[in-house]
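Please keep the sequence and the structure open while reading.

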Amino acid sequence: MAPSIPDKMKAAALDRFGGPEVLGIKTVPVPTCGDDEILIRVEGAGVGVWDSLEREGEMAGMMEGQPHFPYVPGADGAGEVLAVGRNVRRFKVGDRVYATAFLSPKGGFYAEFTVAKEKHAARIPQGMKVEQAAALAADGITALQGLEDQLRLQAGQRLLIFGASGGVGHIALQLARRLGARVLAVASGEDGVELARRLGAEAVVEGHRGDVEKACRDFAPDGLDAALVLACNDRCLSALKHVRQGGRIAHPNGVEPVPQGPEGVEVIAYDGVPSQKTLERLNELIEAGPFHLEIGHVYAMEEAARAQKEVLQHHLGKLTLRIH
């Protein structure tokens, strides 16, 4: 028997764009499932550093059509499929999935129920708990596309990851090792250094106080082959001078200051763009062996405003909301 789907749900939503104070618990309609979509009973939602920009209205121009209120944010999350559209073939009711619904006109994952496109969802990788998978989609897509599509990372290459203890960074570190690269991780804080070391970085240096340039010289005397920049400061800009001619530097849009490389080095700005192909590749790499998704803190849905403030402060991995 198909589970019953309520008409209304609780969501952490906003009545207008603004500061953290505009985000509160509202009762809103459960979104309806289109032909190419799935309805997910959300168990956990990721909290991204970009969520505050979405809340402030900075991303409204990127949406399809005009934003409507109450507005439910939340780029990614995980849970159980409750309904599928008539053209959906890859999922059935009861499947456990993670997905992204970034800037969806039907609302995001800060809610008890969310609709996602079939092509923007994947089954939860074997061995991963749903509360970890809640933090996987947006950061995993950004990490993998940076490494494979933008840097075209090859086995044996020497890669610098700046921001290796954050949400995208700690995933990228593990994926790069799966791809056979050697990794110099620049992490934030002693706890970040310890995490990067535990996840398999060959060399690790603290990004605010450590001698990053010496670490680059020691790790790659002939120059780094590639750099993935997920956070940037003066030490980062100095480190990037150690990327060899013909090497590549990639960074997601929004990283500031904007990374710059020496002459003869291509610098690529990109967005993580969800696709079925990327999600399937992500699962393939994750399932190749033990994989760790670091959840820095889990908040109740009622604490969404606090989570959006604290995601901009020092933390490891990704922050999440517990929904159901």
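Is Gln-174 buried or exposed? Gln-174 is buried, because its relative accessible area is 7%, under the 20% cut-off for a buried residue. The model is a predicted one.

Gln-174 has its place in helix α4. Apart from residues up to four places away in sequence, Gln-174 touches Leu-199, Phe-291 and His-292.

His-170 lies in helix α4 as well. The relative accessible area of His-170 is 0%, so this residue counts as buried. With neighbours within four places in sequence left aside, the contacts of His-170 are Ala-164, Ser-165, Leu-195, Leu-199, His-292, Leu-293, Glu-294 and Gly-317. Lys-106 stands 64 residues from His-170 along the chain, and the C-alpha atoms of the two are separated by 30 Å.

Strands of a sheet pair through backbone hydrogen bonds, either parallel or antiparallel. Here six strands form an open sheet with parallel pairing, in the order β10-β9-β8-β11-β12-β13. The edges are taken by β10 (203-206) and β13 (266-270); each has a single partner strand, so one side of each is left without a neighbour in the sheet. On average, and with direction ignored, neighbouring strands of this sheet are turned by 15 degrees against each other.

## Strand β11 and its partners

What is the burial of strand β11? Strand β11 (residues 224-229) is mostly covered, with six of its six residues buried. In the order of the sheet, β11 stands between β8 and β12.

On the β8 side, strand β8 (residues 158-162) pairs with β11 in the parallel sense, over four bridges.

Leu-224 has Val-243 of β12 as its bridge partner. From β11 the chain crosses through helix α7 (residues 234-239) to β12, and the β-α-β crossover made in this way is right-handed.

## Helix α3 against helix α8

Two packed helices are described by the angle between their axes and the distance between the axes. For helix α3 (residues 137-150) and helix α8 (residues 276-286), the angle is about 90 degrees and the axes are 10 Å apart. Angles of 65 to 115 degrees count as roughly perpendicular, which means that α3 is roughly perpendicular to α8.

Which residues make the contact? From α3 they are Gly-140, Ile-141, Leu-144, Gln-145 and Glu-148. From α8 they are Thr-278, Leu-279, Arg-281, Leu-282 and Leu-285. By class, the contact of α3 with α8 has five nonpolar, three polar and two charged residues.

## Backbone features in the loops

Which residues does a cis peptide bond join, with omega about -5 degrees? Phe-69 and Pro-70 are joined in this way, and Pro-70 lies in the loop between α1 (51-55) and β4 (76-84). Glu-256 and Pro-257 are also joined by a cis peptide bond, with omega about -5 degrees. Pro-257 is in the loop between β12 and β13.

Positive phi values come next. Leu-103, a residue other than glycine, has a positive phi near 55 degrees. Leu-103 has its place in the loop between β5 (96-100) and β6 (113-117), and counts as buried because its relative accessibility is 10%. Arg-152, likewise a residue other than glycine, has a positive phi near 50 degrees. Arg-152 is found in the loop between α3 and β8.

Definitions and conventions:
Residues numbered from 1 in each chain as written. Predicted model: local features only at pLDDT ≥ 70, side-chain atom pairs only at ≥ 80, totals over all residues. Heavy atoms only, no water. Axes fitted to C-alpha atoms, helices over the stretch in contact; angles between N-to-C directions. Helix = DSSP H or I, 4+ residues; strand = E, 2+ residues; numbered from the N terminus. Parallel < 35°, antiparallel > 145°, perpendicular 65-115°, else oblique. Contact = heavy atoms within 4.5 Å. Nonpolar A, V, L, I, M, F, W, Y, C, P; charged D, E, K, R; others polar. Buried < 20%, exposed > 50% of the residue type's maximum accessible area, 1.4 Å probe, protein only. Pairing = 2+ DSSP bridges. Right-handed = clockwise from strand over helix to strand, strands pointing away.
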